Amino acid sequence: RNAKTFAVIRNPFTRAISEFYCPWSGYDGPDCGSHEVLNWWLLKKLRSKFSGTVSFLPQHLYVFKDGQRVVDFLVAFEDFSA
């Protein structure tokens, strides 16, 4: 209707790191500080079609439909202060 809409977008790198350390759907095995484990886990998640979590859905799916932007404003997550 006449309501303004927005989407919060995030840097893909920090988004992936955050997902890796997420206590609900992130990596829960040994060596979580290893870059080899991080790379292995991310590749495994990104190669699966849906990976069981919306955190890995491409952000453009929230912002565009049929090539047209469907939100009025984009807000960068990194612009929020703690």
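Colleague: Where does Glu-78 lie?
Modeller: Glu-78 lies in the segment after strand S4, which covers 73-76. Keep in mind that this is a predicted model.

Colleague: Is Glu-78 buried, exposed or partly exposed?
Modeller: Glu-78 is partly exposed, with a relative accessible area of 40%.

Colleague: And which residues does Glu-78 touch, not counting those up to four places away in sequence?
Modeller: Glu-78 touches Ile-9, Arg-10, Asn-11 and Thr-14.

Colleague: How far is Glu-78 from Gly-67?
Modeller: Their C-alpha atoms are separated by 25 Å. Along the chain, the two residues are eleven apart.

Colleague: Back to Asn-11. Where is that one found?
Modeller: Asn-11 is in the loop between strand S1 (6-9) and H1. Its relative accessibility is 35%, and Asn-11 counts as partly exposed.

Colleague: How far apart are Asn-11 and Ala-76?
Modeller: In sequence, 65 residues. In space, 7.9 Å from C-alpha to C-alpha.

Colleague: Let's zoom out. How many helices and strands does the chain have?
Modeller: Three helices and four strands. From the N terminus on, the order is β-α-α-α-β-β-β.

Colleague: What radius of gyration does the chain have?
Modeller: The chain has 15 Å. A compact globule of 82 residues would have a value near 12 Å. Along the principal axes, the C-alpha atoms fill a box of roughly 50 × 35 × 20 Å.

Colleague: What share of the residues counts as buried?
Modeller: 24% of the 82 residues.

Colleague: And what share of the contacts joins residues 24 or more positions apart?
Modeller: 54%, among contacts in the chain with a separation of 6 or more.

Colleague: Now the helices. At what angle do H1 and H2 cross?
Modeller: Roughly 100°. H1 is residues 12-21 and H2 is residues 35-47. Their axes come within 11 Å.

Colleague: So are they roughly parallel or roughly perpendicular?
Modeller: H1 and H2 are roughly perpendicular to each other. Angles of 65 to 115 degrees count that way.

Colleague: Which residues meet there?
Modeller: From H1, Ala-16, Ile-17, Glu-19 and Phe-20. From H2, Val-37, Leu-38, Trp-41 and Leu-42. The residues of this contact divide into seven nonpolar, no polar and one charged.

Colleague: Switching to cysteines. How many disulfides are there?
Modeller: The count comes to zero.

Colleague: What about the backbone? What is phi of Asp-31?
Modeller: Phi of Asp-31 is near 60°, a positive value in a residue other than glycine. Asp-31 is in the loop between H1 and H2. At 55% relative accessibility, Asp-31 counts as exposed.

Colleague: And phi of Asp-66?
Modeller: Phi of Asp-66 is near 55°, again a positive value in a residue other than glycine.

Colleague: Where is Asp-66 placed?
Modeller: Asp-66 is in the loop between strand S2 (64-65) and strand S3 (68-69). Asp-66 counts as exposed, at 74% relative accessibility.

How values were computed. Residues numbered from 1 in each chain as written. Predicted model: local features only at pLDDT ≥ 70, side-chain atom pairs only at ≥ 80, totals over all residues. Heavy atoms only, no water. Axes fitted to C-alpha atoms, helices over the stretch in contact; angles between N-to-C directions. Helix = DSSP H or I, 4+ residues; strand = E, 2+ residues; numbered from the N terminus. Parallel < 35°, antiparallel > 145°, perpendicular 65-115°, else oblique. Contact = heavy atoms within 4.5 Å. Nonpolar A, V, L, I, M, F, W, Y, C, P; charged D, E, K, R; others polar. Disulfide = S-S within 2.5 Å. Rg over C-alpha atoms; globule rule 2.2 N^0.38 Å. Buried < 20%, exposed > 50% of the residue type's maximum accessible area, 1.4 Å probe, protein only.
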